[in-house]
Amino acid sequence: MTASLKLGNHLKLGNHVVNPPVVLAPMAGITNVAFRRLCREQGGGVYVCEMITTRALVERIPKTLKMIAFAEDEGFRSLQLYGVDPDVTAAAVRMIGEDGLADHVDLNFGCPVPKVTRRGGGSALPWRRRLFGRIVSQAVAAAKPFGIPLTIKMRKGIDDDHLTYVEAGLAAQEAGVAAVALHARTAEQRYSGKADWDAIATLKQALDVPVLGNGDIWEGSDALRMVEHTGVDGVVVGRGCLGRPWLFADLEAAFTQGAGYRPVLPTLGEVAKIMSRHAELLVDALGDEKHGCADYRKHVAWYLKGFPVGSDLRRRLAMISSLAELDDLLGLLDPSVPFPADALGQPRGRVNAPGKVSLPYGWLDSRDDESVPEGAETDESGG
Ligand SMILES: Cc1cc2nc3c(=O)[nH]c(=O)nc-3n(C[C@H](O)[C@H](O)[C@H](O)COP(=O)(O)O)c2cc1C
């Protein structure tokens, strides 16, 4: 299968055509309405909201309800849920349908955070195959009357000795999901090493429903390579767009023009304009300059990675408390500096070391136990 062969095919989630076949990965603390808008202004695709926990949603916790914010022009509102209880997950999906909160629901089975796996949630859950199957099938059944396509996102498994992705993918397909996304790492790997694109190819061969590949797409050319290597129907992009929302323009160019496409490489002046826009959108989304600027600061280092900008200016930019201050500081950058070639194709964001996965006592010996793990729904998030 070559990338060019795939270029004419369009990914569908329910009735929605995803063109180009690109998904912004849900990222807690990042993919809020402001960041999604910034990315949507660059190119087409599906842009997933930050993860929402099912229990907090059905209990209508105000902070959780506030996180479900979509812009008026967000045509296909995509929301990720995290749940461990089939009934609560189904109730959450039903509420999304009844209240018209979103047009697409994704279920998170990829979170490797110890606080979550220690209680049997996130990436630990597919190991409990019956419980996993019940969560997915009840969620699909709850979504169906509303015409909401339901997808899942998972990892390869707990570790190399406890892989679940093919079995879980088949079970999800049997349950009626619209697509399956694989972040091709185990929970033990967290964000270390390289994503195993061979595993994505294996899953693609095993399933009839669309498969989305996730892991280590840093440039549009990586997306084409992944499609070529695995035959996937679409790509899910996370860390690569941190401080680089124009990656979605790059991905669109890659998918429309194919391997010979011209990469999108903004100058420092163009990056500064996007940085300013991002801050404006955040202030707007979070209601005031204090909260917007505070949330913005973590993005500064990602935007400037690889550019020749002095440490003092970087530090001051990462401490801004008003839009006027940001614009003054951005005015000190040399707009003509070209995009640094050595920042291309490089990992960014989380790259932490592997670590043994904390699991509830006896978890690995009880695959068919269907009981709902206690206390596994926390505010903790990640994938
Ligand atoms: C800051 C951060 C937050 C994340 N939060 C979530 C999340 O809430 N739900 C989820 O499924 N994955 C989450 N992930 C994982 C990403 O969606 C994605 O699977 C992972 O980063 C691998 O893709 P990448 O190599 O393109 O970054 C998160 C990742 C990062 C870096």
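**Ligand site and local features of the predicted model**

A nitrogen atom of the ligand lies 3.2 Å from an N or O atom in the side chain of Asn108, a polar contact in the sense used here (a pair of N or O atoms within 3.5 Å; within protein, one must be able to donate a hydrogen and the other to accept it, and residues adjacent in sequence count only if both atoms are side-chain atoms). The model is predicted, so local features need pLDDT of at least 70 and side-chain atom pairs count only at pLDDT 80 or more, while totals for chains, interfaces and linings use all residues. Residues are numbered from 1 along each chain as its sequence is written, and side-chain values use heavy atoms, with hydrogens and water left out.

One is 2.7 Å from an N or O atom in the side chain of Arg239, and an oxygen atom is 2.9 Å from a polar backbone atom of Pro26. The protein buries 98% of the 600 Å² that the ligand exposes when taken alone (accessible areas by the Shrake-Rupley method with a 1.4 Å probe; for residues, only the protein chains shown count as cover).

Around the ligand there are 19 residues, of which Gln80, Lys153, Asn214, Asp216 and Arg239 come nearest (a residue is near a molecule if one of its heavy atoms lies within 4 Å of it). This shell divides into seven nonpolar, eight polar and four charged residues; Ala, Val, Leu, Ile, Met, Phe, Trp, Tyr, Cys and Pro count as nonpolar, Asp, Glu, Lys and Arg as charged, and the others, Gly among them, as polar.

Gln173 lies in helix α8, residues 165-175 (helices, H or I, of at least four residues and strands, E, of at least two are DSSP runs, numbered from the N terminus). Beyond its neighbours within four places in sequence, Gln173 is in contact with Leu207, Asp208 and Val209, where contact means heavy atoms within 4.5 Å. The side chain of Gln173 reaches the backbone nitrogen of Asp208 at 2.7 Å.

Arg40 belongs to helix α2, residues 33-40. The side chains of Arg40 and Asp73 are joined by a polar contact of 3.0 Å. With neighbours within four places in sequence left aside, the contacts of Arg40 are Tyr47, Ala71, Asp73 and Glu74.

Two backbone features occur in loops. Asn19 and Pro20 are joined by a cis peptide bond, with omega about 0°, and Pro20 lies in the loop between β2 (16-18) and β3 (22-24). Arg60, in the loop between α3 (54-58) and α4 (62-67), has a positive phi near 50°. Most residues other than glycine have a negative phi, and most peptide bonds are trans.
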